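The questions below work through this model one local feature at a time. Please look over the sequence and coordinates before reading the answers.

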Amino acid sequence: MAQASSGNENANSTAAGNAEATNTANTTSAANTSNTASVTSKTTNKPVHTTDAPMPPSLRKQLKNRHIQLIALGGAIGTGLFYGSSESIALAGPSILLAYLLGGAMIFLIVRALSEMSVEDPKAGAFSYYASTYWSRRAGFISGWNYWFNYILVAMVELAVVGSFVNYWFPNIPAWASAAFFLVLITAMNLFGVSKFGEFEFWFAIIKIVAVLAMIVGGIAVVIMGLPTDSGIRASFANWFTVGGGFMPHGLLSWQAAADSANAGASAGAAAGSWSGLLMALIVVMFSFGGTELIGITAGETADPRRTIPKATNGIIWRILVFYVVALGVIMAVVPWNQIDGNSSPFVQIFDSIGVHTAAGILNFVCLTAVMSVYNSGLYSNSRMLYSLARQGNAPAYLGKLNKRGVPVAGVLTSSAITVIAVVVVFLWPEFAFNYLMSIATIAAVINWTIIMITEMKFRKVVAAGASPKDSALAGLSGDAALQAIAFKLPFAKVTPWVVLTFLALMVALMCFSASYRIAVIAGIIGLAVLFTAYAASHRKRAH
């Protein structure tokens, strides 16, 4: 019975996709007829009567190549790099560079799997749409709502901390006022249209990129010129191997007693001690890559997805090398890794160590733009996700409506309204919000990446069976010919998904070693149970 149900869902999803393709064709036909009528009217100077319905609003393909490249680039640079990197360095020492390389390789393969589908079938909602179309409506429901709730919680945290950045310059402004101001500002920005969103993200990304590159250049100059530092240790890349126990001070996985765990990024509640090492740092590293899947979300509004999506995806490798591996490598050459205490950003410490104390103010501005960028991207992706869910029949129909600019206004305003509630929760019960609600956001990324990899395998089965949607570039092809026609193939597609899924399973197992991350695993199980129940309830309601 379960298999039969899944089959029906696939059939319904494929039918929905074909219906959408037919509607698109009819819309195009109507548009052409309308244009012909307009020309005839101008030629004969007589009114032309037609029964053609006006074209319904649609998403606008206005994101250009430079937008996509910078959105993808900026998505890899957030407060996690500027501030959160101190936690991962404390856990693994200089070997954190290996963690970023391994984690970066995995996230690259995940985005490659998503981009394989986005290039062939660019749609709003990305992985939720693909899960609904190529797997089942249930999978699309779980994928979409899991991602939406994840970004609500991310937005909650970003808006909750934005006040601390504003207070650096204006200490008398209440934190809630800063949160309210930026929520209204970013919401308004998202109502202007996708091209404006692309412009805002373009310039947000420029600011973050310039900041990281300036730090790299400045750090390398300190090493080459041999400038004195506050640590008393000469700046050198040899510090990776000679300071604080060497390159891998805590090994792959080791238990740190309470006295040492405070220096290894442990939570204050871990009185007896905690686990550290390269593998534990890998958890922190993976979650710093959250947001890279935004490339897939933008595919439905990209002017030329077959050219820009592959270019942006392949660029992930060098982005991770430059902005994580090189940047943190330079930091640990100038500031000994065991002196990166987490009380301030490692990016501030590198300049403070040579007496450039204005760096704190500059980085505060950069972090403020990073917070705005994260919320801007989150609100954009959430509104498109609700739009996609509504088109699938997995969300209320009002969320699937667009205004004349092609913006899902209801999705934008609904997401903002729920974010307001989440931010209020943070201010009233901060410990509950950060310890429990954020734990769901932590595990939600793993759930999302898992669904992407499974959906990619389902996608290839559908393509090989010749059942691709009619508006797909692969329509009409089947078997090996169809698989070979995929324009942007996932490397070693027969084994890569299983390698990534094994890696993600390892991440979940490692999370169980940490008291704080263990809560995330439990919350993830509960969250999935809630989504399964919600889907069953909504499906039963539609059946009656």
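**Rings, helices and surface**

Q: What does Trp169 count as, at 38% relative accessibility?
A: This is a predicted model, in which local features need pLDDT of at least 70 and side-chain atom pairs count only at pLDDT 80 or more, while totals for chains, interfaces and linings use all residues. Residues are numbered from 1 along each chain as its sequence is written, and side-chain values use heavy atoms, with hydrogens and water left out. Buried means under 20% relative accessible area, exposed over 50%, and partly exposed in between (1.4 Å probe, protein chains only). At 38%, Trp169 therefore counts as partly exposed.

Q: Which kind of ring pair do Tyr168 and Trp169 form?
A: Rings of Phe, Tyr and Trp (its six-membered ring) pair if their centres lie within 6.5 Å, and the pair is stacked with planes under 30 degrees apart, edge-to-face over 60 and tilted for the rest. By this rule the model holds 22 aromatic pairs. For Tyr168 and Trp169, the centres are 5.8 Å apart and the planes stand at 90°, so the pair is edge-to-face.

Q: Which residues are linked by ring pairs into a cluster with Phe459?
A: Helices (H or I, at least four residues) and strands (E, at least two) are DSSP runs, numbered from the N terminus. In helix 5 (residues 127-134), eight of its eight residues are buried, among them Tyr129, Tyr130 and Tyr134. The cluster joins Phe459 to Tyr129, Tyr130 and Tyr134.

Q: How many of the 25 residues of helix 4 are buried?
A: The expected span of a helix is 1.5 Å times one less than its number of residues, and for helix 4 this gives 36 Å, which agrees with the 36 Å between its end C-alpha atoms. Helix 4 is also largely enclosed by the rest of the structure, because the number of its buried residues is 21.

Q: How far is the charged end of Arg112 from the centre of the ring of Phe488?
A: A charge sits over a ring if NZ of Lys or CZ of Arg is within 6 Å of the ring centre and within 35 degrees of the ring normal. The charged end of Arg112 sits over the ring of Phe488, at a distance from its centre of 3.9 Å.

Q: How far apart in space are Met156 and Thr419, C-alpha to C-alpha?
A: Met156 is found in helix 6 (residues 137-169) and is buried, with a relative accessible area of 0%. Although Met156 and Thr419 are 263 residues apart in sequence, their C-alpha atoms are separated in space by 6.0 Å.
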